[in-house]
Amino acid sequence: MFFFLCSEQHFFSFKFSLTFVYSPPSNTYGYQSIDLLPNGSHIDVTIDNLDQYVQLSLDFIFRDGIRRQMDAFRHGFNKVFSLEHLRCFNSSELQLVLCGNQWPTWTLDDLLTYIEPSHGFTRESVGFSKFLNVMLALDGVERKSVVQFITGCSSLPPGGLANLRPRLSVARKVEADDNSYPSVNTCYHYLKLPDYSSEDILKTRLMTACKERGFYFN
């Protein structure tokens, strides 16, 4: 929130209703507020010191305020895998190893090789071909949603679909029509897909199921 005073020709002042204090979103942090500067609760945030307030807030939220937690994480991680050995990876490689592929990518060959049609679908099935075409046409955000829906995780392991265990399987959902939705078994990466009449309906129903992410579709 901010307040300002002005005339028809001049801008006189600009003041935020903030002070140099950070208040955590939960009581679990063990404190109600923390001064970002000495006596920060008595220092108003204005247009002149706004950049400083933002920078101090970010420093506290992402560095100083979680230093104990990060030190504990480093200590625990080092017991499992020496941090010294991680020096052989650059930052991008390390992110891939620890977090997997955050923006899943695949080609038609990947889909044909690493997705198993089963229980009513074969590689020659029209319904399975529609699914592959839809998967190829998805953008990055949609791919993350589909991976999250089927596996329970929005990222693929390093190497993509080739290293997903168990392999992703797609079965024909019986007693289902164009008004039905896909369902999944995330533990086994098992997608149960109605044999939709068109790719447009398939994508619409699949993306709706991905957005719901509820037990109704599991």
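# Notebook: surface patch, charges and rings

I began at the surface, where Val54, Leu58, Ile61 and Phe62 make up a nonpolar patch whose accessible area together is about 360 Å². For patches I took residues with over 30% relative accessible area and no salt bridge, joining like charges within 9 Å and nonpolar side chains (Val, Leu, Ile, Met, Phe, Trp, Tyr) within 5 Å. Accessible areas follow the Shrake-Rupley method with a 1.4 Å probe, and for residues only the protein chains shown count as cover.

I note that this is a predicted model, in which local features need pLDDT of at least 70 and side-chain atom pairs count only at pLDDT 80 or more, while totals for chains, interfaces and linings use all residues. Residues are numbered from 1 along each chain as its sequence is written, and side-chain values use heavy atoms, with hydrogens and water left out.

**Entry: the whole chain**

I looked up the elements and found seven helices and nine strands in the protein chain; helices (H or I, at least four residues) and strands (E, at least two) are DSSP runs, numbered from the N terminus. Of the 218 residues in the protein chain, 30% count as buried, where buried means under 20% relative accessible area, exposed over 50%, and partly exposed in between (1.4 Å probe, protein chains only). The protein chain exposes about 14200 Å², and carbon and sulfur atoms supply 55% of that area. Among contacts in the protein chain with a separation of 6 or more, 52% come from residues 24 or more positions apart; a contact means heavy atoms within 4.5 Å.

Is phenylalanine 62 buried or exposed? With a relative accessible area of 61%, phenylalanine 62 is exposed.

Asparagine 49 sits in the loop between strand E5 (44-46) and H1, and at 16% relative accessibility asparagine 49 counts as buried. Leaving aside residues up to four places away in sequence, I found that asparagine 49 touches Phe20, Ile43 and Asp44.

**Entry: salt bridges**

How many salt bridges does the rule give? I counted seven salt bridges, each being a side-chain nitrogen of Lys or Arg within 4 Å of a carboxyl oxygen of Asp or Glu.

One of them joins aspartate 64 to arginine 67, with the closest N and O atoms 3.1 Å apart; aspartate 64 is partly exposed at 36% relative accessibility, and arginine 67 is partly exposed at 42%. Glutamate 84 and arginine 87 form another salt bridge, 2.9 Å from N to O, in which glutamate 84 counts as partly exposed at 49%, whereas arginine 87 counts as exposed at 65%.

I also looked up arginine 123 and glutamate 116, whose side chains meet in a salt bridge at 3.5 Å, N to O. Arginine 123 is partly exposed with a relative accessible area of 34%, and glutamate 116 counts as partly exposed at 32%. Turning to shared partners, I found that salt bridges join Asp59, Arg63, Asp64 and Arg67 into one network.

**Entry: aromatic pairs**

My search of the whole structure found four aromatic pairs. Rings of Phe, Tyr and Trp (its six-membered ring) pair if their centres lie within 6.5 Å, and planes under 30 degrees apart count as stacked, over 60 as edge-to-face and the rest as tilted.

One of the pairs is tyrosine 31 with phenylalanine 60, which is edge-to-face at 6.3 Å centre to centre and 80 degrees between the planes. Tyrosine 31 lies in the loop between strand E3 (21-22) and strand E4 (34-35) and phenylalanine 60 in helix H1, so this pair ties together parts that are 29 residues apart in sequence. I noted tyrosine 31 as partly exposed at 23% relative accessibility and phenylalanine 60 as buried at 15%.

Another pair is phenylalanine 73 with phenylalanine 77, which counts as tilted because the ring centres are 5.9 Å apart and the planes stand at 40 degrees. Both phenylalanine 73 and phenylalanine 77 lie in helix H2 (residues 67-80), four residues apart, about one turn of the helix. Phenylalanine 73 is exposed at 51% relative accessible area, whereas phenylalanine 77 is partly exposed at 22%. Finally, I recorded that Tyr22, Tyr31 and Phe60 form one aromatic cluster.
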